[in-house]
Amino acid sequence: MVLLGAGCGIPAASDVRVDGKGGAATEAGVISRGSEPPTRTASGSVNETFVRNFLSAAAGEPDRAYERVKAFIAPEDKTRLQDKKGSEVALNVVRLREAVYTLNSDSTTTVKITVQQIGVLRTNGTLAPPVATETEYEFGLRSASFNGGVNDDRAGLYVINPPNVLLLSDTALREYYQDETIYFWSSDRSRLVPDQRYRPQAVPVERQVNEVVKWLVGGPSDWLRPGVVGLPDRTELINNATGGNGRWEVNLDMSGDDQSGIDQLITQIAWSLGDLTGQLELKIRNNAQPVVDLGERRDSRVLYPYAASPQRFGVYDGTIHPLDFDGEPSGTVPLTPEANRNVVSASLGLAKDRRILAAMVVAGGKNRYRLAVGTGADPVSVVSRSATEYSSIGRPVWLRTVDNRPSRGLVVADGQLYRFDEAARMYPVPLNLPSAAVTAVAAALDGQRVALIAGGRLYVAAVNLDGGGASIGPPRELVTSLTNPTAVDWGREDQLVVAGSLGQPAIYEISVDGALETPLRTDLGAKVTHLTAYPTNRSVRATTGAYMYEANGVAYRSSPFERIEPGRVRDIAPVPTGVRPSNPSAPFFLY
């Protein structure tokens with residue numbers, strides 16, 4: 001009998017949903033319903049359910065992980081799983097592909113599971129890249145009443161010959177952990193940058209403050225370090241963070257007494273605590289700082305302020321036009337007609353000082369293209385062009401800033417990643433990747449993280465903007481169900497929207513570490529060649545995410561899903577009778 005493990009009960013075609021993080025504090029000791037994985041006997045003697053529960057047993061607080069897993073293992077085989085302690089406890093998170101059950105003559109069952117290694121869940125809540133390379137694990141099952149007993153179903157099953165590693169399925173990660181976002185200051189300390197963590201739901205809510213502060217003290221995830229700064233060296237918690245009933249106290253042993261830095265730390269803690277409400281009293285070496293209301297601090301220090309609501313645009317016959325949809329804002333093209341010509345694709349943004357940032361791919365010689373860049377007041381009339389023509393250029397993206405410094409962006413041309421400036425000068429960006437052939441780049445709203453597709457693989461990397469340039473830290477490959485990714489953008493601060501293949505072309509929402517996946521469209525019928533999304537975050541909430549894409553020369557939008565017809569394109573000349581209108585292409589958002 002074969003059990004397929006890929007399905008997770010999620011509709012094949014749906015829209016991005018934005019969930020709030022964390023929650024309000026509750027009474028001490030309250031544990032969320034369903035936060036503890038099932039016990040060994042919960043499945044009775046049903047093999048499939050038992051194996052699913054076995055792959056969930058490690059979920060929860062790390063110090064009891066081996067105890068929970070060993071409860072599933074037959075007494076004679078418990079020593080096969082060697083315990084680890086403290087920070088050495090690590091869970092191998094796997095995506096179950098299939099499980100094959102073979103009944104043996106001695107009434108035991110041999111189980112062979114095929115898996116995809118996703119990553120290693122550490123005690124600090126980070127999901128590190130996978131270390132194990134196994135694609136299969138084999139172990140046995142026997143009745144718990146094998147040596148006598150009157151009720152096999154009530155006794156349940158045991159694992160025999162277990163793997164000598166703690167395995168956790170991706171479905172258990174989704175079910176028994178709360179994915180949290182904590183924040184670190186960018187390398188220039190101008191903005192907060194998200195970092196994804198996982199907190200066991202079995203951890204009582206009143207300990208959330210302590211867990212989050214420990215994560216901040218421990219520093220950012222490895223891949224994010226090149227673009228952010230951690231707390232000062234040798235910062236430690238003095239005792240545990242304490243509190244409840246809307247008041248929380250954190251006492252840190254931290255070097256320095258820079259009041260500006262302490263104020264930034266308070267903002268960092270407030271945002272890292274998600275939606276937790278109440279008052280925070282921060283102490284530095286027992287010296288109390290003024291009490292801060294967490295909600296008020298988040299309201300007064302927004303993450304990445306939007307200059308305007310998003311507006312949809314697209315390219316029609318080589319010119320950028322607004323796309324009109326009922327109930328949505330629709331503006332005018334912020335370019336003069338002279339600057340809005342021969343456009344293939346574009347990225348328009350609003351800088352903090354309200355300047356328009358325009359980066360476009362424009363047609364050059366025969367089957368050749370240039371990058372065109374223009375910035376300034378609306379409408380932009382002066383556009384600079386790259387000195388070199390290329391056989392292919394992807395959609396350019398801006399690295400957003402929160403100040404008035406000259407803007408920079410990234411673009412892929414002929415398989416090479418380039419940084420560009422406001423004068424359309426392009427500078428190669430070195431990447432330490434197995435394959436140098438880059439095909440797509442997308443920038444997060446914070447301007448400090450990028451997603452890349454290179455050599456048919458998906459990566460994320462940190463950006464360092466110090467010194468007026470833009471260097472990319474060592475990319476981290478994301479292990480996903482999708483193969484041959486073709487397009488990517490940021491849909492949320494901790495989620496990517498990715499187009500690739502899963503037997504046929506599909507679009508998925510994938511967490512920034514690759515662990516959590518949600519299918520958005522699985523019935524595309526053609527490869528996606530262009531994809532753009534409107535990123536949301538905890539400052540700007542939306543009930544549904546929005547993305548647009550192009551496949552086989554036809555543009556589509558989500559929320560609701562529909563083809564973008566020529567009738568949605570504003571300010572185009574009527575098409576003569578008998579002439580087939582052009583298709584809108586390369587849609588994008590201005591925000």
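**View 1. The second largest pocket of this predicted model has a volume of about 430 Å³.** A pocket here is an open set of points on a 1 Å grid over the protein atoms alone, with protein on both sides within 12 Å along at least five of seven lines. Its volume is the space filled by probe spheres set on the points, which are joined across faces, edges and corners. The second largest pocket is lined by 24 residues, and Pro62, Arg122, Thr123, Asn124 and Glu211 lie nearest its centre; a lining residue has an atom within 4 Å of a point. Strand 9 (192-200) and helix 5 (208-218) each bring at least two lining residues, with helix 5 giving the largest share, three residues. Helices (H or I, at least four residues) and strands (E, at least two) are DSSP runs, numbered from the N terminus. By class, you will find twelve nonpolar, six polar and six charged residues in the lining of the second largest pocket. Ala, Val, Leu, Ile, Met, Phe, Trp, Tyr, Cys and Pro count as nonpolar, Asp, Glu, Lys and Arg as charged, and the others, Gly among them, as polar.

Two notes go with every view. Residues are numbered from 1 along each chain as its sequence is written, and side-chain values use heavy atoms, leaving out hydrogens and water. As this is a predicted model, local features need pLDDT of at least 70 and side-chain atom pairs count only at pLDDT 80 or more, while totals for chains, interfaces and linings use all residues.

**View 2. The largest pocket holds about 670 Å³ of space.** Its lining has 29 residues, and Ile393, Gly394, Arg395, Thr439 and Thr529 are the closest to its centre. Among the strands that each supply at least two lining residues of the largest pocket are strand 24 (408-413), strand 27 (438-443) and strand 36 (528-534). The lining of the largest pocket divides into 16 nonpolar, nine polar and four charged residues.

View 3. In a cavity, a 1.4 Å probe fits but cannot get out. The whole structure has five cavities of 30 Å³ or more. Ser347, Arg395, Arg400, Ala443 and Tyr591 lie nearest the centre of the largest cavity, which is lined by 19 residues. Strand 19 gives the most to this lining, with four residues. The lining of the largest cavity counts 13 nonpolar, three polar and three charged residues.

**View 4. Val488 sits in the largest nonpolar core, a group of 47 residues.** Such a core is a set of buried Ala, Val, Leu, Ile, Met, Phe, Trp, Tyr and Cys residues joined through side-chain atoms within 4.5 Å. Val209, Val250, Leu252, Leu282, Val488 and Leu496 touch the most other members. Not counting residues up to four places away in sequence, Val488 touches partners including Ala440, Ile453, Leu458, Leu496 and Leu531. A second, separate core of 41 residues includes Val51, Ala59, Leu81 and Leu141.

**View 5. Helix 1 is mostly covered, with six of its eight residues buried.** Buried means under 20% relative accessible area (1.4 Å probe, protein chains only), exposed over 50%, and partly exposed in between. The buried residues of helix 1 are Asn47, Glu48, Phe50, Val51, Asn53 and Phe54. Ser43 belongs to the loop between strand 1 (2-4) and helix 1 (47-54), and Ser43 is buried too, with a relative accessible area of 8%. Beyond its neighbours within four places in sequence, Ser43 is in contact (heavy atoms within 4.5 Å) with Thr49, Phe50 and Asn53.
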